[in-house]
Amino acid sequence: MLRSGFCVAQITEKEQKTMGETNIMNVETVALDDQNSALVIIDQTQLPYKTELLHLKDQKSIWDAIYLLQVRGAPAIGVAAAIGIYLAAKEIQTDSFDDFYAQFKKAKEYLDSARPTAVNLSWALRRMEGVVLANKEKPVGEIKTLLLEEAEEIKREDIWVCKTIGEFGLSLLKPKMGLLTHCNAGQLATSKYGTATAPMYLGQEKGYDFKVFCDETRPLLQGARLTAYELMSSGLDTTVICDNMAPTVMKNGWVNAVFVGCDRVAANGDAANKVGTSYVALAAKYYNIPFYVCAPTSTIDMDCENGAKIHIEERPAEEVTEMWYEKRMAPEGVKVFNPAFDVTDAQNITAIITEYGIAYPPYEQSLQEIFKKKAQAKDNK
């Protein structure tokens with residue numbers, strides 16, 4: 001039985017066939033249905049077997065969707081959070097700013113608790129809160145309109161950011177290269193293009209003929225279920241490998257560069273991403289293969305000194321022991337350690353690709369330069 005405020009629209013067989021002829025990339029990962037006061041997402045836990053659009057109309061459903069990875073990927077989470085808090089604000093019935101802000105802040109703190117490692121979640125919510133505080137003298141109805149505009153702007157910016165990261169990333173590549181990626185930092189993790197996959201998509205448009213290896217990404221298999229699915233849908237030559245096979249394809253000379261996304265980058269360049277990423281970075285360094293982290297500046301936390309300061313979310317044991325099996329595949333009562341992320345040390349990262357340029361070591365300096373460029377770009381608008 002579905003919860004209140006939680007609706008499912010399953011794509012029909014005819015629509016599924018039509019999408020298959022084009023590809024799933026024509027369906028928006030995160031969208032607002034303002035008329036029906038709903039956040040609309042692709043339920044990524046059902047892919048690639050079934051395409052379902054969820055229409056989420058209350059804060060509990062939106063919180064659950066973020067926590068349960070129905071919407072996932074740092075940029076997509078940020079967009080979903082912006083839309084979600086706008087919908088919360090839209091429902092607040094008061095003309096008093098103080099009452100409005102008290103209820104807004106409560107909703108903001110609630111959504112912010114869904115995924116503590118993904119900095120885009122708190123970043124987007126703080127940005128939306130900034131709109132409220134900057135316009136406290138205006139009528140509450142006008143503030144709600146401004147929140148809608150800000151949520152739409154966050155989504156537009158995400159598309160621009162991803163495409164620009166793709167252009168910088170593509171400048172580092174040559175046709176026919178073999179690329180490897182971990183987890184899903186593709187369009188399904190963003191509004192369009194993805195971060196780590198953006199160079200692949202832009203290269204595909206230019207006929208670069210890349211060959212891409214996707215780590216399956218245990219225990220939730222985002223690489224096998226999501227990245228491989230969307231890359232194949234777009235016509236890229238795609239091969240799925242188990243996570244522990246990455247060093248083998250590198251040793252064989254089949255990989256010329258690694259591109260990964262991230263959920264948070266510390267000021268020193270340490271980067272938190274889906275668990276297993278640091279293992280890929282170590283193998284790439286051993287085989288002298290460049291390892292690139294694709295990071296929107298919204299994902300870079302200059303207030304976080306280093307990776308040791310990043311909170312790592314731990315998830316339920318069942319994801320490891322039984323989630324993908326017909327029968328439980330580990331002894332009852334066995335202890336399970338299931339961190340959702342790990343931290344790749346800055347010394348193992350060749351470069352961090354942002355929408356304002358490529359940062360190289362030492363990252364304490366180069367990331368500051370990136371933010372200076374960002375500030376200058378804002379001043380020139």
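Trp63 and Tyr67 both belong to helix H2 (residues 59-67), where they stand 4 residues apart, about one turn of the helix; helices (H or I, at least four residues) are DSSP runs numbered from the N terminus. The model is predicted, so that local features need pLDDT of at least 70 and side-chain atom pairs count only at pLDDT 80 or more, while totals for chains, interfaces and linings use all residues. Residues are numbered from 1 along each chain as its sequence is written, and side-chain values use heavy atoms, with hydrogens and water left out.

A search of the whole structure gives 9 aromatic pairs. Rings of Phe, Tyr and Trp (its six-membered ring) pair if their centres lie within 6.5 Å; planes under 30 degrees apart count as stacked, over 60 as edge-to-face and the rest as tilted. Trp63 and Tyr67 form a stacked pair, with 5.3 Å between centres and 20 degrees between planes. Ring pairs join Trp63, Tyr67 and Tyr110 in a cluster. Trp63 is buried, at a relative accessible area of 18%, whereas Tyr67 is partly exposed, at 25%; buried means under 20%, exposed over 50% and partly exposed in between (1.4 Å probe, protein chains only).

Arg315 lies over the face of Tyr67, 5.0 Å from the ring centre, and Lys274 over that of Phe341, at 4.6 Å. This requires NZ of Lys or CZ of Arg within 6 Å of the ring centre and within 35 degrees of the ring normal.

Of the 381 residues of the protein chain, 57% count as buried. The C-alpha atoms fill a box of roughly 65 × 50 × 45 Å along the principal axes.

Technical notes
Helix = DSSP H or I, 4+ residues; strand = E, 2+ residues; numbered from the N terminus.
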